[in-house]
Amino acid sequence: GERRAARMPLRTRVRGAREGWSPSGRPSEKLCRGTAGRRPIALASRRSQDGRFDDTATSSSTLDSGAREAPGLLEVGRSAAATALMAAALLAGPSWAHAEDVAPTAPQLFEKSCAGCHSGGGNVLAAGKTLKIDDLRRNDVATIEELYRVVYFGKNKMPGFGADCKPAGQCTFAARLSDDDVSQLAAFVLEKAEDGW
């Protein structure tokens, strides 16, 4: 017990003593008693390699319903679980090395580049220039080719998003879109307009 206590960091030893843990890593007598004179509870605890308490071995069936749990024990278990979840999420998430290989879909492109002004097919800058089919027909942009031209080069207040958009003052300062992306967007907008958004 004393050798184990000597290997524990001082902070852990002080915290453990303050919370009722003995230097051997076992719960002290005051934590093993249930409240209001109930029978003692069995807390099976283990110490991980870094000297922290691990509550994974605590059997819920051995706890009285009115018994107190060891303060700090669940905190360490929760922080260990949170660390494990974050590590799993990082490992399971998309690899940054292959992120460029996955092409965004037309709805994703629309959300990223167009929805700021054209959410739901509307237009926050010019009321008569929405992406509704009637407005597209009235403004002579109800074809994929015309929509492509407007998205690529821009028109009036709308900036162009094409990779080779010129003049620079008519083009967006945001990330530019490839020819394929602009084609996808034009087809997506026309399809949504015909469906009534």
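**Fold order.** I read the protein chain along its sequence and got the pattern α-α-α-β-β-α-α-α-α-α-β-β-α. That comes to nine helices and four strands; I took helices (H or I, at least four residues) and strands (E, at least two) as DSSP runs, numbered from the N terminus.

**Ground rules.** The model is predicted, so I kept local features to pLDDT of at least 70 and side-chain atom pairs to pLDDT 80 or more, while totals for chains, interfaces and linings use all residues. Residues are numbered from 1 along each chain as its sequence is written, and side-chain values use heavy atoms, with hydrogens and water left out.

Buried means under 20% relative accessible area, exposed over 50%, and partly exposed in between (1.4 Å probe, protein chains only). Of the contacts with a separation of 6 or more, 40% are between residues 24 or more positions apart; contact means heavy atoms within 4.5 Å.

**Nonpolar core.** Which residues touch the most other members of the largest nonpolar core? I noted F110, L136, L147, L177 and L185, out of 22 residues. A core here is a set of buried Ala, Val, Leu, Ile, Met, Phe, Trp, Tyr and Cys residues joined through side-chain atoms within 4.5 Å. Helices α5, α7, α8 and α9 each supply at least two residues of this core, and α9 gives the most, with seven residues. I then looked up L185: leaving aside neighbours within four places in sequence, L185 is in contact with A106, L109, F110, C114, V151 and L177.

**Aromatic pairs.** My search of the whole structure turned up five aromatic pairs. Rings of Phe, Tyr and Trp (its six-membered ring) pair if their centres lie within 6.5 Å; planes under 30 degrees apart count as stacked, over 60 as edge-to-face and the rest as tilted. F110 and F188 form a tilted pair, 5.6 Å centre to centre with 55° between the planes. This pair links distant parts of the chain, with F110 in α5 (residues 106–113) and F188 in α9 (residues 179–194), 78 residues apart. F110 is buried at a relative accessible area of 3%, and F188 is buried at 14%. Ring pairs join F110, F188 and W197 into a cluster. W197 sits in the segment after α9 and is partly exposed, at 24%. I also wrote down its phi, near 55°, a positive value in a residue other than glycine.

**K129.** Where does K129 lie? I found K129 in the loop between α6 and α7, and at 39% relative accessibility K129 counts as partly exposed. Not counting residues up to four places away in sequence, K129 touches H118, N123, D135, N139 and N156. The C-alpha atoms of K129 and H118 are separated by 9.7 Å, the two residues being 11 apart along the chain.

The peptide bond from K166 to P167 is cis, with omega near -5°, and P167 has its place in the loop between β4 and α9. D140 has phi near 55°, a positive value in a residue other than glycine. I located D140 in the loop between α7 and α8, where D140 is exposed, with a relative accessible area of 60%.
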